[in-house]
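Please open the model in your viewer and keep the selection tool to hand.

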Amino acid sequence: MMQKSLDVKIARILADPSCKDFILADAKDADMAAGLNATGFNPGATKPRSLAEYRQMMRDIVAQGLVDIMLMSASTSEVLTLDERLFDHSHITPAIRANDTTDIWLAGCEGQYAAQPARPFRSASLKHVTAAGRGVNLGLYSITFNNDRDHDLEALQAYKAFRDEAEPLGFRHFLELFDPNKPQGPIENVGRFLNDHIARTLAGVTRAQRPVFLKIPYHGPAAMEALASYDRTLIPGILGGSSGTTFDAFFQLWEARKYGARVALYGRKINNSEHQLTFITYLRAIADGNINDPAEAVRAYHNDLAKLNITPYRKLDDDLQKSDTASAYGATSTRRGDLSPPASTTPMSLARQRERLDRLYGR
């Protein structure tokens, strides 16, 4: 079994917080959230990718070798990790989404789950995904606090039960906190709210059950600096959120890294890009500090798309703009609408496909 880059980088970051290591993950676990459309669309297509195509993209990204973690659903991990042994000779660590709280239940165009306070739930069986040491030993565990005593207590009790089950199996986890999806009362500073809940939640958790790292929405320099400086054993990471422009993705990674983030997990931003392998190439370059200008990375990405004869979703000037993007799965937006393919046989524009994908995820 090849040594995993994640383990090497975690050890170095903990030993020397000033080191330049950065962990990059591809989050291909959307089938646990959005159903058939979670796989996204190939350029020019009017129907979503099949699950087989979605999984093939994971194989291609693992073969490329630029990410440190491949996050999957438990069913996909069974195929790739256990059946195919895809990760045995790769430095990439396989991971599964260990729980699927109700705020990510987005299957169906008119689903209302994300508009209700999140409730804990877990589909994945740790006994089955670990498979007596032959499967994965890392998972994402997600909590959504809503400033509501009873709901938040229920979430914390479920998290404790998960940790108690995971520890004897040697199953590690990283902890994700989403923004409140239905806050009970005003929260003026969501970044501070999340940071305080991280500190409070983990204060009573000893080393044997603590998360390997954190995954949170990026709420700007002040919130990230505050978390990064609080406890150097809590390694902060960001989630990508909705697609937005290419500049959105590159700038967010560049800025979060600058202010203390050591991990980035990008799902939709990668999956909805024009060419995933090229997109990841530039994410890696920014994460490693080899490109220090997000706009330069956008221009280079467009040049590479031209070489591949791929039409970008946006013109370069438009793709260099910053747009409003959301981080939580259940963020409020306009009506998601009917996401079935249009009646016309004329392929929709690439820009329209991307807008459609963002609506699917409630953005």
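Predicted model: local features only at pLDDT ≥ 70, side-chain atom pairs only at ≥ 80, totals over all residues.

Residues are numbered from 1 along each chain as its sequence is written, and side-chain values use heavy atoms, with hydrogens and water left out.

**The helix pair**

Select helix H6 (residues 190-203) and helix H7 (residues 221-230), whose axes come within 9 Å and cross at roughly 15 degrees. H6 is therefore roughly parallel to H7 (angles under 35 degrees count as such). Now show the side of H6 formed by Gly191, Asn195, Ile198 and Ala199, which makes the contact with Ala223, Ala226, Leu227 and Tyr230 of H7 (contact means heavy atoms within 4.5 Å). Of the residues in this contact, six are nonpolar, two are polar and none is charged.

**The cores**

Next, select Met70, Ile238, Phe250, Leu253, Tyr266 and Leu283, which touch the most other members of the largest nonpolar core, a set of 44 residues. Such a core consists of buried residues (under 20% relative accessible area, 1.4 Å probe, protein chains only) joined through side-chain atoms within 4.5 Å. Helix H2 (51-64), strand S2 (69-72) and helix H11 (294-307) are among the elements that each supply at least two residues, whereas helix H10 gives the most, with seven.

Centre on Tyr266, which touches residues including Ala25, Asp26, Ile238, Gln252 and Leu283, leaving aside those up to four places away in sequence. Finally, select Tyr159, Ala166, Leu175 and Leu227, which are among the 26 residues of another core, apart from the largest one.

Note on methods
Axes fitted to C-alpha atoms, helices over the stretch in contact; angles between N-to-C directions. Helix = DSSP H or I, 4+ residues; strand = E, 2+ residues; numbered from the N terminus. Parallel < 35°, antiparallel > 145°, perpendicular 65-115°, else oblique. Nonpolar A, V, L, I, M, F, W, Y, C, P; charged D, E, K, R; others polar. Buried < 20%, exposed > 50% of the residue type's maximum accessible area, 1.4 Å probe, protein only.
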